[in-house]
Amino acid sequence: MKNKEIAKIFYEIADLYEMQDVQFKPRAYRKAAQNIESLGKDIEEVYEQDELGNIPGVGESIAEEIVEYVETNTVERLEKLKKDMPIDLRSLSSVETLGPKKIKDLYNELGIKNLDDLENAAKEGKIRHLEGFGKKTEENILENIAFAREKGDRFLLGYVLPEAKEIVEKLEKKVDKIELAGSLRRMKETIGDVDILVVTNKSSKIMDYFTNMDRVEKVIAKGDTKSTIRLYGGIQVDLRIVKNESFGSALQYFTGSKDHNVKLRKIAQNNYFKLNEYGLFKKDARIAGKKEKSVYSKLGLDWIPPELRENRGEIDIAKKGNIPDLIKYDDVKGDLQMHSKWSDGSNTMVEMVEESRNIGHSFIAFTDHVGSLKVAGGMDKKEWEKQGKKIDKLKEKYDDITIFHGLEANIKKNGELDISDSFLNEAEVVLASIHSSFRMDKKEMTNRVIKAIENRYVNILSHPTGRKIQKKEAINLELDKVFNVAKENNVAIEINAYPERLDLNDVNVKRAIDQKVKLSIGTDSHRKDHLRYYKLGIAVARRGWAQKIDVINTYSARNLKKFLNK
DNA sequence: GCCGTTTTCGGCCCGACTGTTTTCAGTCG
Ligand SMILES: Nc1nc2c(ncn2[C@H]2C[C@H](O)[C@@H](COP(=O)(O)OP(=O)(O)OP(=O)(O)O)O2)c(=O)[nH]1
Ligand SMILES: [Mg+2]
Ligand SMILES: [Mg+2]
Ligand SMILES: [Zn+2]
């Protein structure tokens, strides 16, 4: 898949055009880049089918450049732009307060190309003399370079969410209303910062409190309606305060995404309205603002669940009144992947069951590793049967939760599973997954996975693409073929809910839904506190437009048994 | 550069905070 590479090229072109003060092209290139990134389809396939023009935001000239890249591995336009501006734009932009205009001036006036150049110039006091710069600007730059150097990737949803909720709890008692917004409310898999919306009439007091909390490393900005802080550990938090009359429109604004907002505001314009965080206005009259729902309805749209607000077609569907009833966070009745001490988990089965009951699950499956995966404590048949005896006891002990005795088998290089049929036949749930030989030709890999799915004992294809966010690329797989075969064989595709996996991801869930293949949520818990991550799985399902019927975890234990006894 | 139930050419979202300015540009949300 060259989607990411190509998107990166177009983002870079956008940035370079922006520095040259070229109008609107940056927007066009960014939009194309985003749509290529979230295509959910291999762009080379689209190229082969000669359908590049069907990608939103891709017109004649960008399509030509995609062709150019696929065929020559380079895009002339970018090479030329880079020659004119041979600087490390990425690292310079990562310095807070440095944007395209300042970076351009710094290069033109002082020849600054990278962070080292920047640091030297600032230390030598050269920057303060430039027009539009000053002493304070120079000091800020120097201060921010250090953070830019150590700043890492975006944060994982599963790890930020609890921290964000802690901050909300601290503020909650002091304000009238509070809500998480931004990418956290949209439940995006990675999070750039924490965005919090508040209603209060004691704005300056709250801002004082917010900017003086424990763990605040730096106050980046502070005003009456908006402040930004950075906590130790690098997480940035934005706080926005509005009056109650604007709560709904502010929540709409602050939830985003940016592109979703821009499109809504365009629709408002077309209706001779104006939309901003303070409300929807007809002339000077506020016709919506208190409730988010009325902002959408006054624009002629269904209310859109935050998870869908990525400007990937949801607005057109809302206009037609066709937003589906997505799976809800309390629709899921159980967890279909977890490990215990019997393989590589760190809690006992009793502890896992107790915690699952606390969560409110009505069924769970133990899916400990079996077979050749010895590093993960892979059990042989005898040991797994011993585990079964224990599970029988647990089944007797607990009458409020159904426990399935499952297993996670490995898909060998040739597509066979690494345990015998008689072993597979004993399990109530069979997960199949790839744990080795990740690098294979796309066709070979697809055949390998399909062969596993066609195994009559397999119920769930687990962590189907093997990606780990920011750590490991997805395997080469023709997902559409895999989904098709899975559907025919009554195999569910997993949404692995572990924070760094989230595999399938949102766009691939959408493709699965389109093919009507069933989905299974499993936390892949290796400790009892991982069990809470099932909500991340639901979030991914929602972001992929899944409804209740698409997800087998919403079945009653009875109906789930039927599905598993295929 | 892209796009269209107001357009195939003329627009392209709208506002807060900071530092540099003497009325606003740049960056960010
Ligand atoms: N109308 C409008 N809204 C914006 C713009 N930039 C940001 N917003 C809104 C929508 C965003 O979801 C929200 C919060 O901004 P963030 O920069 O934190 O983005 P977001 O949380 O979506 O993603 P993140 O994970 O933080 O990178 O503010 C903009 O340029 N125009
Ligand atoms: Mg954010
Ligand atoms: Mg933010
Ligand atoms: Zn494991």
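Figure 1. Asp 193 and Asp 195 are both buried (under 20% relative accessible area; exposed is over 50%, partly exposed in between; 1.4 Å probe, protein chains only). Donors are N, O and S atoms within 2.8 Å of the metal (3.2 Å for Na, K and Ca); water is not among the atoms, so sites may look incomplete. The magnesium ion (ligand 3) lies 3.5 Å from the magnesium ion (ligand 2), and Asp 193 coordinates both.

The model is predicted: local features need pLDDT of at least 70, side-chain atom pairs count only at pLDDT 80 or more, and totals for chains, interfaces and linings use all residues. Residues are numbered from 1 along each chain as its sequence is written, chains are lettered from A and ligands numbered from 1 in the order written, and side-chain values use heavy atoms, without hydrogens and water.

Figure 2. The whole structure holds 2 cavities of 30 Å³ or more. A cavity is a set of points, on a 1 Å grid over the protein atoms alone, where a 1.4 Å probe fits but cannot get out; lining residues have an atom within 4 Å of a point. Volume is the space filled by probe spheres set on the points, which are joined across faces, edges and corners. The largest cavity has a volume of about 50 Å³. Its lining includes Ile 411, Phe 438, His 463 and Ile 475. The lining of the largest cavity has 7 nonpolar, 5 polar and no charged residues. Ala, Val, Leu, Ile, Met, Phe, Trp, Tyr, Cys and Pro count as nonpolar, Asp, Glu, Lys and Arg as charged, and the others, Gly among them, as polar.

**Figure 3. The second largest cavity.** Its volume is about 40 Å³. Ser 94, Glu 96, Asn 144, Phe 147, Ala 148, Lys 151 and Arg 230 form the lining. These divide into 2 nonpolar, 2 polar and 3 charged. Helix H9 (residues 135-150) gives the largest share, 3 residues. Helices (H or I, at least four residues) and strands (E, at least two) are DSSP runs, numbered from the N terminus.

**Figure 4. Two cis peptide bonds.** One joins Gly 256 and Ser 257, with omega about -5 degrees. Ser 257 sits in the loop between helix H13 (247-255) and helix H14 (258-270). Another joins Asp 503 and Leu 504, with omega about 5 degrees.

Technical notes: 1 Å grid on protein atoms, 1.4 Å probe; cavity = no way out; pocket = protein on both sides within 12 Å on 5 of 7 lines; lining within 4 Å.
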